[in-house]
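This briefing goes through a predicted model topic by topic. Please have the sequence and the 3D view open while reading.

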Amino acid sequence: MSPLQFAGRSLYRQPARAILGLTGVAVVGALLFDMLMLSRGLIVSFRDLLESTGFDVRVTATEALPGLGPAVADAAAATDELRGLPELAAVVPVRFGGAAVETRDKKTRQVAIIGSETRRRGEWRLVEGADLGDGTDGGRPDMVVNRTLAREEALAPGSIVRLASTLPGREFRVTGVVEFPFEATGESMAGVTLRGFTLAFPTARRDEADLLLVASQPGVGTDAAVAAIRHARPDLHAFSIDEVLERLRHAEFSYFRQVSFVLATIASFFALLLVTTLLTVSVNQRLGEVAALRALGFSRRRITLDLLAESALLVGGGGIAAIPLGLLLARGLDSILRQMPDLPSRLHFFVFEPRALALHLGFLVLAALIAAAYPVILAARLPIAATLRRESIS
Amino acid sequence: MSARLRVLFLVLLVAHPAAGLAASEAVGQPVAEILVSRGLLQERGLSVGQIVMLSADARGAGARPFRIAGVYEPTPDPSRFTAKRLEARLHLPDLLALTAEPGEAGVADAVGAINVALEDPSDAGAFARELGARAPGVSVVRAAAGDDEHFMIIERFHVAISVVTMIGSTAFLLALMVIRADERREIAGLLRLLGLRRRRILLQALLEGLCIAAAGAVFGVLLAAATQGAVNAFFQWRYDTTLVFLRVTPAIAARCVALALPLGVMAGLLASWTLLRRPVLDLLRR
């Protein structure tokens with residue numbers, strides 16, 4: 001009989017204990033798996049969002065992240081200068097603002113407004129109607145709105161949006177419904193041209209951009225594009241997607257990374273403690289049996305293998321059950337965290353990666369080995385004759 | 001009533017404030033005073049009384065001198081606790097003068113928001129309606145305190161994690177109690193043979209489970225109370241904030257004990273019952 005079969009029978013002999021052990025390992029394993037997904041989930045998800053725009057470099061006026069620092073002055077000149085660089089395929093200035101829009105019931109609604117050029121790549125995705133044009137219809141500049149704003153204000157291509165935050169109220173014509181990559185759940189957003197932006201925000205400084213979105217030439221690479229921008233305009237700050245993510249990893253996203261580290265450590269320790277306890281007690285209760293097996297000719301190595309196999313079955317069985325359980329749990333936890341205000345609706349906290357699965361399995365193998373260590377020592381050092389004598393007397 | 005500009009970004013120049021200071025003194029203007037946040041003071045190595053130059057332009061154009069009059073601790077903001085609070089507070093006229101461009105007279109008299117304190121806070125709804133009618137285009141938002149959505153969501157997340165941990169702990173506890181009951185199988189058989197009823201033995205198991213659960217729960221609460229300082233100190237150091245991340249309150253301790261005790265008792269009873277329902281001779285392995 002192989003060690004695995006022997007271990008299987010040993011567990012089968014005490015089904016309640018085995019099932020509870022497997023359940024415990026499965027639950028803490030699911031928690032461990034989730035924490036491994038959480039540790040990099042935001043970064044992976046945010047990378048997908050950034051890459052979905054089609055721009056691989058962001059240029060700002062200072063080291064602050066886009067939208068969190070002063071705007072780029074003389075934006076038109078800066079844009080033209082960067083467009084002249086052979087390493088760059090596209091440069092698009094973007095402005096951010098918040099305005100009040102007059103609602104159907106004559107109240108106001110806060111709308112986040114993005115000003116951009118008509119020559120675009122992926123600042124938003126057209127869902128219905130037409131994209132922004134340079135022209136104006138009867139003095140009304142074009143506007144695209146997101147689905148939330150369109151649904152709640154019953155807007156469709158051709159509708160008129162009246163801003164309440166300008167005096168007199170400025171009107172825009174809706175040309176289409178779009179999806180912004182960074183729109184939050186329930187957030188009303190609209191996109192206008194840069195000229196439309198100056199009309200929506202008459203007091204805003206002219207010729208500024210909160211951000212310059214840059215796409216590098218295919219084949220040139222992001223790093224070369226960033227270097228070219230830094231060389232041409234040392235007064236500006238260029239960030240590749242990797243650099244943006246690295247900063248977020250150390251600042252904005254660090255809390256969940258640390259929480260996941262703490263909880264993953266606790267979950268691993270818990271799984272280890274559970275399996276060690278079960279195996280140790282199991283060995284203690286079977287000292288006579290182990291001594292008898294040794295007397296029958298079972299080597300120390302064989303006893304060790306039997307215990308390792310028992311540990312592997314407990315941890316392996318629980319660990320495998322932990323994967324679907326963890327994925328299910330991650331969906332629930334993700335839906336809780338995604339309720340946070342102002343978070344992009346496409347951002348996820350728990351993201352499955354092969355790396356997380358590999359780490360999960362690695363942790364479980366380590367836990368199985370460490371958990372078996374103490375019971376193995378107990379069994380291997382067992383004095384055969386004395387134990388058999390004690391067992392027969394008792 | 002007080003007024004403030006909405007979030008505004010200024011550039012701090014500390015390299016050569018002398019030129020701006022001289023220019024300011026030459027025209028007979030006293031140097032305006034500002035307060036800087038503790039984070040900004042430490043990050044840039046500033047000191048109280050120092051003259052710094054502030055500009056609304058990223059390249060430092062139009063910078064003006066200001067004297068640091070004091071340092072303040074920004075009110076902790078749970079939605080921004082991971083961000084460094086590099087902030088300064090200016091008198092409103094100074095800020096407006098600094099940010100207005102030449103020829104933009106209107107901007108020099110524009111503010112992003114006005115904070116209003118009502119005599120009776122319950123009038124907020126009526127005030128918002130009246131102001132909305134009198135000044136179309138003005139958006140009235142009620143300031144919330146103590147019910148920040150971020151807090152509530154983080155709390156929900158932590159509760160969910162606690163539930164999962166509790167399920168795992170229960171399985172662990174049940175396994176331990178099953179093992180313990182199994183170890184005392186022969187003793188239970190002997191007690192039954194001596195005439196003790198199942199109920200009597202179960203009562204003993206119940207009391208034992210209660211004692212173990214109470215000891216475990218109290219130990220857990222004491223451990224959490226003892227380590228909360230270290231956890232808070234770490235996160236406060238890590239994020240340079242005065243926010244309290246972990247606090248073991250009597251209510252939380254009571255909730256913890258109230259959950260642990262029934263779980264411990266149930267685990268003890270369940271494990272003992274699975275054993276005691278067997279025939280006496282089976283318990284004695286005969």
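Asp207(A) counts as partly exposed because 15 C-beta neighbours lie inside 10 Å; a residue is buried with 20 or more other C-beta atoms within 10 Å of its own, exposed with 12 or fewer, and partly exposed in between, the C-beta atoms being placed from the backbone. This is a predicted model, in which local features need pLDDT of at least 70 and side-chain atom pairs count only at pLDDT 80 or more, while totals for chains, interfaces and linings use all residues. Residues are numbered from 1 along each chain as its sequence is written, and chains are lettered from A and ligands numbered from 1 in the order in which they are written.

**Confidence**

- The model scores ipTM 0.76 and pTM 0.75.
- Chain B has a mean pLDDT of 79, and 82% of its residues reach 70 or more; pLDDT is the predictor's confidence in each residue, from 0 to 100.
- Over residues 1–7 of chain B, pLDDT stays under 50, and the model has 14 contacts beyond four places in sequence for them. Two residues are in contact if their C-beta atoms, placed from the backbone, lie within 7 Å.
- Where pLDDT is low, the predicted coordinates should not be read in detail.

**Two residues with positive phi**

- Asp207(A) is not a glycine, yet its phi is positive, near 50°.
- Asp207(A) lies in the loop between helix H5 (194–200) and E10 of chain A. Helices (H or I, at least four residues) and strands (E, at least two) are DSSP runs, numbered from the N terminus.
- In chain B, Asp240(B) also has a positive phi, of about 50°, without being a glycine.
- Asp240(B) sits in the loop between helix H7 (198–239) and H8 of chain B, and Asp240(B) is partly exposed, with 15 other C-beta atoms within 10 Å.

**Domains**

- Chain A is assigned domain 1 (3–50 + 252–393) and domain 2 (62–235); such bounds come from an automatic or database domain assignment.
- The centres of domain 1 and domain 2 of chain A, taken over C-alpha atoms, are separated by 50 Å.
- Contact between these domains involves 6 residues of domain 1 of chain A and 5 residues of domain 2 of chain A.
- On the side of domain 1 of chain A that touches domain 2 of chain A, there are 3 nonpolar, 1 polar and 2 charged residues. Ala, Val, Leu, Ile, Met, Phe, Trp, Tyr, Cys and Pro count as nonpolar, Asp, Glu, Lys and Arg as charged, and the others, Gly among them, as polar.
- Chain B is divided into domain 1 (2–111) and domain 2 (149–283), with 8 residues from domain 1 of chain B and 7 residues from domain 2 of chain B in the contact.

**Chain B overall**

- Chain B contains 9 helices and 7 strands.
- Of its 286 residues, 20% count as buried.
- For contacts in chain B between residues at least 6 apart in sequence, 76% join residues at least 24 apart.

**Contact between the chains**

- Chain A gives 43 residues to the contact and chain B gives 34 residues.
- Helix H2 (15–52), strand E3 (108–116), helix H8 (254–285) and helix H10 (300–337) of chain A each give two or more residues to the side of chain A that touches chain B.
- That side of chain A has 25 nonpolar, 14 polar and 4 charged residues.

**Nonpolar cores**

- The largest nonpolar core has 75 residues, and those that touch the most other members are Val25(A), Leu32(A), Ala271(A), Val275(A), Val315(A), Leu174(B) and Ala175(B). A nonpolar core is a set of buried Ala, Val, Leu, Ile, Met, Phe, Trp, Tyr and Cys residues joined through C-beta atoms within 7 Å.
- H2(A) gives the most to this core, with 17 residues.
- Beyond four places in sequence, Leu174(B) is in contact with Leu20(A), Ala267(B), Leu270(B) and Ala271(B).
- A second, separate core of 54 residues includes Val101(A), Val161(A), Phe180(A) and Val192(A).

**Buried positions in chain A**

- Leu307(A), in helix H10 of chain A, counts as buried because it has 28 C-beta neighbours inside 10 Å.
- Leu307(A) and Pro375(A) are 68 residues apart in sequence, with their C-alpha atoms 7.5 Å apart in space.
- Helix H6 (residues 222–232) of chain A has Ala225(A), Val226(A), Ala228(A) and Ile229(A) buried. These residues cover an arc of only 160° around the axis, so they are on the same side of H6(A); the arc is that of the directions from the helix axis to the C-beta atoms.
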